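Biologist: I'm new to this one. Can you walk me through it?

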Amino acid sequence: MPTHGNSVAGGMRSTTILAVRHRGATVVAGDGQVTMEATVIKHGAKKVRRIYNDRIVVGIAGATADAMALSERLESKLERYNGSLTRAAVELAREWRTDKYLKKLEALMIAADREVMYLISGNGDVIEPDAPVLAVGSGSVAARAAALALVDHSDLDAAGIAKAAMDIAASICVYTNNQITVEEL
């Protein structure tokens, strides 16, 4: 991962995206803060959205234009591969790693359907987590740790776990706020 521009060790310095699979539900959550350098520009951005006939949820940590381009590319891959998230994710990662334009994008993507969730990166990574939790971005370590603890030690549903974990991340990470968008499958 690059260590310049909009990134810091451990992830992008632009947001927190969290995916949780629990009790038959899959959710992807993202905070709403947009920053430029040390200034908050917007509080209520939507960084998580549904694509491919609302069957896939994506969340992207990175620049807004990069997020839109990647989301559109993934959706076109899903169309090409009849909704197979695994195949579409692999093809997107391959293209992202080799395409002259896409290679320059600094972002990380989480994509999930009812069966799988993946972290997709420009390095060619398509990673399915061992645990039912996946996070990227500046507050990802806090969000992931909180979600893992809540999965094992609370009565919350998947959406409740995601919201609580994102609130914890927002209380720790200055690049994450508590205006959370949650999309559930």
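Biologist: How do strand β8 and strand β9 pair?

Modeller: Strand β8 (residues 56-62) and strand β9 (residues 107-112) are antiparallel, with six bridges between them. V58 sits opposite A111 in β9. Two strands pair if DSSP finds at least two bridges between them. Strands (E, at least two residues) and helices (H or I, at least four residues) are DSSP runs, numbered from the N terminus.

Biologist: Before we go on, what am I looking at?

Modeller: This is a predicted model, where local features need pLDDT of at least 70, side-chain atom pairs count only at pLDDT 80 or more, and totals for chains, interfaces and linings use all residues. Residues are numbered from 1 along each chain as its sequence is written, and side-chain values use heavy atoms, leaving out hydrogens and water.

Biologist: OK. Which strands form the open sheet of five?

Modeller: The order is β7-β8-β9-β10-β11, with antiparallel pairing. At the edges are β7 (48-51) and β11 (126-127), each pairing on one side only.

Biologist: Which strands does helix α1 touch when it packs on that sheet?

Modeller: Helix α1 (residues 64-80) touches β7, β8 and β9. Its direction makes about 150° with that of β8. Touching means contact, that is, heavy atoms within 4.5 Å. Angles run from 0 to 180 degrees between N-to-C directions, and axes are lines fitted to C-alpha atoms, for helices over the stretch in contact.

Biologist: And helix α2, what does it touch?

Modeller: Helix α2 (residues 85-98) packs on the sheet against β8, β9, β10 (117-121) and β11. Its direction makes about 10° with that of β10.

Biologist: New topic. What is the order of the open sheet of four strands?

Modeller: That order is β12-β3-β4-β13, with antiparallel pairing. β12 and β13 (181-184) each have a single partner strand, so one side of each lacks a neighbour in the sheet. The twist averages 10° from one strand to the next.

Biologist: How many bridges join β3 to strand β4?

Modeller: Six, and the two run antiparallel; β4 covers residues 25-30. A19 stands opposite V28 in β4. Helix α4 packs on this sheet and touches β3, β4 and β13. The direction of α4 makes about 150° with that of β3.

Biologist: What about β3 and β12, how many bridges there?

Modeller: Five, again in the antiparallel sense. T16 has G137 as its bridge partner in β12.

Biologist: Is β12 (133-137) covered on one face or both?

Modeller: Both faces are covered. V133, A135 and G137 are buried on one side, L134 and V136 on the other. Buried means under 20% relative accessible area; exposed is over 50% and partly exposed in between (1.4 Å probe, protein chains only).

Biologist: Back to T16. Buried or exposed?

Modeller: T16 has a relative accessible area of 0%, so T16 is buried. The T16 side chain makes a polar contact with the side chain of T176 at 2.5 Å. A polar contact is a pair of N or O atoms within 3.5 Å; within protein, one must be able to donate a hydrogen and the other to accept it, and residues adjacent in sequence count only if both atoms are side-chain atoms.

Biologist: And V20, in which strand does it lie?

Modeller: V20 lies in β3 (residues 16-22). V20 counts as buried because its relative accessibility is 0%. The C-alpha atoms of V20 and I161 are 7.6 Å apart, though 141 residues separate them along the chain.

Biologist: Where is K47 found?

Modeller: K47 is in the loop between β6 (39-42) and β7. Its relative accessibility is 16%, so K47 counts as buried.

Biologist: Last one. At what angle do helix α3 and helix α4 pack?

Modeller: About 145°, with axes 8 Å apart; α3 covers residues 140-153 and α4 residues 158-172. The contact residues are 13 nonpolar, no polar and no charged. Ala, Val, Leu, Ile, Met, Phe, Trp, Tyr, Cys and Pro count as nonpolar, Asp, Glu, Lys and Arg as charged, and the others, Gly among them, as polar. Among them are A142 and L150 in α3, and I161 and M166 in α4.
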